[in-house]
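This report concerns salt bridges, helix packing and the surroundings of selected residues in one protein model. The sequence and structure are shown first.

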Amino acid sequence: MERAADMSARLGVELDTISNSLLRFGPQIRAAGGTMEDAANLAQTYLQAARLSGASTAETTQAMRQLGQSISKGKLNDDEYKSIVENAPLFANQLAQALGVTRGEMDRMAKEGELTVARLLPAFRTMGGEINQMFSTLRRTVDFSWARMTQTWNRLTREFLVSTGIQDR
């Protein structure tokens, strides 16, 4: 939960969106031989790629939900795949590169149901470094800064309520 809260504050995406996505696709990642750390890294990589691709906070949140739904089914289905790559073309490019295929081949693989979590997991593991490096140099927009401030404020409020006994964890 701490990692999700940190990602929420750093990336300007609602904590509920990140937490729900991790709960949705965590079991599928684990079933494919991965860990919750792999799931968190995937979420972070996708969110960073969406931001780098110019997606707004709302678009990033929606795309993260789509990714969570798709992974929870065990594969990237065609419709969800289209939404995911539309909002984060950088993620799609990096994924194709990590899979050793072209974007066109990856599009075909999505249509044919070949983008299973087991097949994607090794690719997901190799993608984060470059995207993380690019994200560290990203200029912040007003939308991004506002979302980040909101998430930080929500986290501070939650911690205050818990520490004072007003609310349970």
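The model is predicted; local features need pLDDT of at least 70, side-chain atom pairs count only at pLDDT 80 or more, and totals for chains, interfaces and linings use all residues. Residues are numbered from 1 along each chain as its sequence is written, and side-chain values use heavy atoms, with hydrogens and water left out.

**Salt bridges**

Side chains of opposite charge can pair when their charged atoms come close. A salt bridge is defined here as a side-chain nitrogen of Lys or Arg within 4 Å of a carboxyl oxygen of Asp or Glu. By this rule there are 7 salt bridges, and the table gives some of them.

| Pair | N to O distance |
|---|---|
| Glu 80 and Lys 73 | 3.0 Å |
| Arg 108 and Glu 112 | 2.8 Å |
| Arg 108 and Glu 114 | 3.2 Å |

Solvent exposure is classed by relative accessible area: buried is under 20%, exposed is over 50%, and partly exposed is in between (1.4 Å probe, protein chains only). Through salt bridges with shared partners, Arg 108, Glu 112, Glu 114 and Arg 119 belong to one network.

**Helix packing**

Helices are DSSP runs (H or I, at least four residues) numbered from the N terminus. Their axes are lines fitted to C-alpha atoms over the stretch in contact, and angles run from 0 to 180 degrees between N-to-C directions. Contact means heavy atoms within 4.5 Å. In the residue classes, Ala, Val, Leu, Ile, Met, Phe, Trp, Tyr, Cys and Pro count as nonpolar, Asp, Glu, Lys and Arg as charged, and the others, Gly among them, as polar.

Helix α5 (residues 78-87) and helix α7 (residues 103-111) cross at roughly 145°, and their axes come within 8 Å. On the side of α5 the contact involves Asp 78, Tyr 81 and Val 85, and on the side of α7 it involves Arg 103, Met 106, Asp 107, Ala 110 and Lys 111. By class, this contact of α5 with α7 contains 4 nonpolar and 4 charged residues, and no polar ones.

Helix α1 (residues 2-11) packs with helix α3 (residues 36-52) at an angle of about 5°, the axes lying 11 Å apart. The two helices α1 and α3 are therefore roughly parallel, a term for angles under 35 degrees. Arg 3, Met 7, Arg 10 and Leu 11 of α1 meet residues of α3 including Glu 37, Ala 40, Leu 47 and Arg 51. The contact of α1 with α3 has 5 nonpolar, 3 polar and 4 charged residues.

Gln 28 belongs to helix α2 (residues 15-31) and is partly exposed, with a relative accessible area of 27%. Not counting residues up to four places away in sequence, Gln 28 touches Ile 71, Ser 72, Gly 74 and Val 117. Its C-alpha atom is separated by 9.9 Å from that of Thr 116, which is 88 residues away along the chain.

Asn 87, in helix α5, is buried at 12% relative accessibility. Apart from neighbours within four places in sequence, Asn 87 is in contact with Tyr 46, Ala 50, Ser 53, Ala 55, Glu 59 and Ala 63.

Notes. Angles under 35 degrees count as roughly parallel, over 145 as roughly antiparallel, 65 to 115 as roughly perpendicular and the rest as oblique.
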